[in-house]
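Work through the exercises below with the sequence and the coordinates open. Each task is followed by a solution in steps.

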Amino acid sequence: MAGDIITIHTDGSCLGNPGRGGWAALLQWGEHEKELTGGEAHTTNNRMELTAALEALRALKKPSTVDLYSDSQYLRNGITQWIHGWQKNGWKTAAKKPVLNADIWQALLEAEKPHTVRWHWVRGHDGHVENERVDALARRAAENQQ
């Protein structure tokens with residue numbers, strides 16, 4: 001796919017689960033970078049992990065090749081493996097239960113369409129500089145929720 005190569009690092013945080021939540025994304029391209037953060041007063045950690053990736057992809061202005069790094073296996077496995085079965089099953093799990101966070105999964109599919117996204121997992125809290133940075137930003141965003 002034509003366009004820039006963008007590196008994105010994302011993380012979600014929740015104080016209590018459910019509880020006050022925050023998300024953060026760090027977008028890097030060439031010598032440039034941009035931080036994005038947000039949160040919700042009552043949410044879950046998984047929703048914040050997904051929202052971080054969603055908002056990062058929505059922030060891209062043109063079709064790009066994206067390397068997206070997250071410490072969430074739920075996000076990476078969901079978007080690269082499980083989502084195809086959920087779609088086929090009418091957004092039901094293999095156990096015939098509604099898929100949790102289906103609204104965000106569906107929005108992620110749309111946000112991903114114009115891009116070539118390579119989804120990467122990194123071990124959280126393991127000294128990975130950018131992951132530690134978005135972790136701190138997401139925690140701060142969660143702390144700021146009322």
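**Exercise 1.** In which strand is the place of Asp67? Determine also the accessibility and the contacts of Asp67.

*Conventions.* The model is predicted, so local features need pLDDT of at least 70 and side-chain atom pairs count only at pLDDT 80 or more, while totals for chains, interfaces and linings use all residues. Residues are numbered from 1 along each chain as its sequence is written, and side-chain values use heavy atoms, with hydrogens and water left out.

*Solution.* 
- Step 1. Asp67 belongs to strand 4, residues 65-70. Strands (E, at least two residues) and helices (H or I, at least four) are DSSP runs numbered from the N terminus.
- Step 2. The relative accessibility of Asp67 is 11%, so Asp67 counts as buried. The cut-offs are under 20% relative accessible area for buried and over 50% for exposed, with partly exposed in between (1.4 Å probe, protein chains only).
- Step 3. Leaving aside neighbours within four places in sequence, Asp67 is in contact with Ile5, Ile6, Thr7, Ile8, Arg118 and His120. Contact means heavy atoms within 4.5 Å.
- Step 4. Between the C-alpha atoms of Asp67 and Leu27, 40 residues apart along the chain, the separation is 9.9 Å.

**Exercise 2.** Examine the backbone at Pro18, Trp91 and His125.

*Solution.* 
- Step 1. As background, most residues other than glycine have a negative phi, and most peptide bonds are trans.
- Step 2. The peptide bond joining Asn17 and Pro18 is cis, with omega about 10 degrees. Pro18 sits in the loop between strand 1 (5-16) and strand 2 (19-29).
- Step 3. Trp91, not a glycine, has a positive phi of about 60 degrees. The loop that holds Trp91 runs between helix 2 (73-88) and helix 3 (102-112). With a relative accessible area of 17%, Trp91 is buried.
- Step 4. His125 is not a glycine either, and its phi is positive at about 55 degrees. This residue lies in the loop between strand 5 (116-121) and helix 4 (129-143). His125 counts as exposed, at 60% relative accessibility.
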